[in-house]
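User: Hi! I am new to reading protein structures and would like to learn how to look at one. Could you walk me through this example?

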Amino acid sequence: MTDFNRYVWSFYRWGLDLLFPPSCVSCKRVGAWLCEPCAQQIPLFEGTLCPRCGRPWSKPDLCPVCRKTPLQVNPIRSVFIFDSPIREALHALKYRGGGSVVTTLAARMDEAWRRQGMESDLLLPVPLHPSREVKRGYNQATLLALALGKQVDVPVGTRVLKRVRNTPSQTKLNRQERKENMADAFVCASGLSLAGIRVTLIDDVATTGATLNACAGVLLQAGAEAVNAFTLARAP
Ligand SMILES: [Zn+2]
Ligand SMILES: [Zn+2]
């Protein structure tokens with residue numbers, strides 16, 4: 001984004017906040033998209049999960065989906081379930097310039113990271129296609145990765161992965177269609193070796209894992225020792 005575009009964007013945001021001031025998506029109190037007391041009350045996504053894809057699953061072995069087609073990203077873990085008020089907070093983060101939501105949730109992300117015993121040498125946000133990032137003004141996954149990286153003291157790479165194909169929205173696609181939609185969507189920065197590096201992909205929501213898996217494929221090809229993923233929310 002050019003400096004001029006950034007200026008216009010921040011002016012627009014300022015005007016919008018003046019007309020429609022942010023209010024907590026949970027308790028409606030004016031001031032922030034998610035207030036501190038409400039953020040503290042959201043339950044972490046815990047319990048028995050599939051050891052690989054992280055969907056709720058009552059047995060210790062892999063879920064039926066992973067037994068059929070195991071993901072390359074292993075495991076996927078998430079801070080919260082994709083439900084109110086996280087669903088509304090994510091909407092504010094993505095479409096209302098609600099970057100402050102990330103700051104409010106950083107401590108909770110840190111809490112979930114430690115409780116789930118996550119280990120990583122490098123955090124990589126799932127990239128948006130450049131045209132979409134310019135339109136939005138930021139990548140919400142990058143904001144999440146930077147906030148988490150600061151908390152858990154792991155470096156963040158914002159130019160390692162690139163999205164080279166502007167894939168259509170996945171919301172109406174099934175598992176197989178999502179997988180095909182994501183094929184060749186990502187590349188790794190050329191000349192980069194990830195040999196011996198344990199990478200963690202960061203994104204806002206995990207659904208079927210197709211996007212995370214497509215990223216994991218190119219990272220493993222670039223020599224990454226292992227790729228896991230950590231998302232703010234898990235869609236059921
Ligand atoms: Zn609140
Ligand atoms: Zn699974």
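Analyst: Happy to! Helix 8 (residues 175–182) and helix 9 (residues 210–221) pack with their axes 9 Å apart, at an angle of about 40°. Keep in mind that this is a predicted model. The crossing of helix 8 with helix 9 is right-handed.

User: Which residues of helix 8 and helix 9 make the contact?

Analyst: Helix 8 brings Arg 178, Lys 179 and Met 182, while helix 9 brings Ala 210, Thr 211 and Ala 214. Sorted by type, the residues of this contact are 3 nonpolar, 1 polar and 2 charged.

User: How should I think about a core?

Analyst: In soluble globular proteins, nonpolar side chains tend to be buried together. In this model the largest nonpolar core has 61 residues, and the members that touch the most others are Leu 201, Ile 202, Cys 215 and Leu 219.

User: What does Cys 215 touch, apart from its neighbours within four places in sequence?

Analyst: Cys 215 is in contact with Val 126, Leu 161, Phe 186 and Leu 201, once those neighbours are left aside.

User: And where is Leu 219? Is it buried or exposed?

Analyst: Leu 219 sits in helix 9. There are 26 other C-beta atoms within 10 Å of Leu 219, so it is buried; the cut-off for that word is 20 or more. Beyond its neighbours within four places in sequence, Leu 219 contacts Cys 188, Leu 194, Val 199, Ala 224 and Val 227.

User: What about a residue in a loop? Is Leu 34 buried or exposed?

Analyst: Leu 34 belongs to the loop between helix 1 and helix 2. It counts as buried because it has 28 C-beta neighbours inside 10 Å. Not counting residues up to four places away in sequence, Leu 34 touches a list of residues including Cys 24, Val 25, Pro 85, Ala 89 and Val 101. For Leu 34 and Val 101, 67 residues apart along the chain, the C-alpha atoms are separated by 6.0 Å.

User: How does Ala 185 compare on each of those points?

Analyst: Ala 185 is in the loop between helix 8 and strand 4 (186–188). With 19 other C-beta atoms within 10 Å, Ala 185 is partly exposed. Its contacts, leaving aside neighbours within four places in sequence, are Arg 163, Val 164, Arg 165, Thr 167 and Ala 214. Here is a pair to find on the model: Ala 185 and Cys 35 are 150 residues apart along the chain, and their C-alpha atoms are separated by 36 Å.

User: Last topic: what should I look for in the backbone?

Analyst: Most residues other than glycine have a negative phi, and most peptide bonds are trans. Lys 28 is not a glycine, yet its phi is positive, about 70°. Lys 28 lies in the loop between helix 1 (3–19) and helix 2 (36–41), and it counts as exposed because it has 9 C-beta neighbours inside 10 Å. Asp 153 also has a positive phi, near 60°. You will find Asp 153 in the loop between helix 7 and strand 3 (161–163); it is exposed, with 6 other C-beta atoms within 10 Å.

User: Which residues does a cis peptide bond join?

Analyst: One cis bond joins Asn 74 and Pro 75, with omega about -10°. Pro 75 is in the loop between helix 3 (64–68) and strand 1. Another cis bond runs from Ser 84 to Pro 85, where omega is near 0°. Pro 85 is in the loop between strand 1 and helix 4.

Notes:
Residues numbered from 1 in each chain as written. Chains lettered and ligands numbered in written order. Predicted model: local features only at pLDDT ≥ 70, side-chain atom pairs only at ≥ 80, totals over all residues. Core = buried A, V, L, I, M, F, W, Y, C linked by C-beta atoms within 7 Å. Buried ≥ 20, exposed ≤ 12 C-beta atoms within 10 Å, placed from the backbone. Contact = placed C-beta atoms within 7 Å. Axes fitted to C-alpha atoms, helices over the stretch in contact; angles between N-to-C directions. Helix = DSSP H or I, 4+ residues; strand = E, 2+ residues; numbered from the N terminus. Left-handed = near helix turned anticlockwise from the far one by under 90°. Nonpolar A, V, L, I, M, F, W, Y, C, P; charged D, E, K, R; others polar.
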